[in-house]
Amino acid sequence: LKLPSGRFYARNSVDGRNVTIGTFDTAVEAAVAYARAVGEYQPPAQPAQPPPTVAEAEGLRLHLSSAAGTGYKGVAKLPSGRFEARRAADGIKFHIGGFGSAVEAAVAYARAV
């Protein structure tokens, strides 16, 4: 219930009697207090922590590059939409593999160098 003061009032009926729960600054605070009082309160679910990337799990350091279109050194986007990891050593270019995401290709590059 909203009071003339602008605050919100929560109450519950127990055995035919009105029991005051309290007054609150917001309607949400009053609703949470009511839910707690009647045993219906469920705390909001905590967002799941994203799983660590493969690179973090393996302790790899991805090679970032502002010159590369993908943002990763040794990673190129193919016309198919997939990503290719490649590297060069002694003037020879090596194909590391094709991947579904730039991050997967960057991880493969990090493993190879």
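1. D90 lies in the loop between β4 and β5 (92–99), and has a positive phi of about 55° without being a glycine. Most residues other than glycine have a negative phi.

2. Please keep in mind that this is a predicted model, where local features need pLDDT of at least 70 and side-chain atom pairs count only at pLDDT 80 or more, while totals for chains, interfaces and linings use all residues. Residues are numbered from 1 along each chain as its sequence is written, and side-chain values use heavy atoms, leaving out hydrogens and water.

3. The largest nonpolar core has nine residues: Y72, V75, F83, A85, F99, A102, A105, A106 and A108 (such a core is a set of buried Ala, Val, Leu, Ile, Met, Phe, Trp, Tyr and Cys residues joined through side-chain atoms within 4.5 Å). A second, separate core of five residues includes F8, A10, F24 and A33.

4. Two salt bridges are present (a side-chain nitrogen of Lys or Arg within 4 Å of a carboxyl oxygen of Asp or Glu). One joins D25 and R7, with the closest N and O atoms 2.4 Å apart; these residues are 18 residues apart in the chain. The other pairs E84 with R86 at 3.0 Å between the closest N and O atoms. E84 is buried at 13% relative accessibility, whereas R86 is partly exposed at 41%.

Notes:
Buried means under 20% relative accessible area, exposed over 50%, partly exposed in between (1.4 Å probe, protein chains only). Helices (H or I, at least four residues) and strands (E, at least two) are DSSP runs, numbered from the N terminus.
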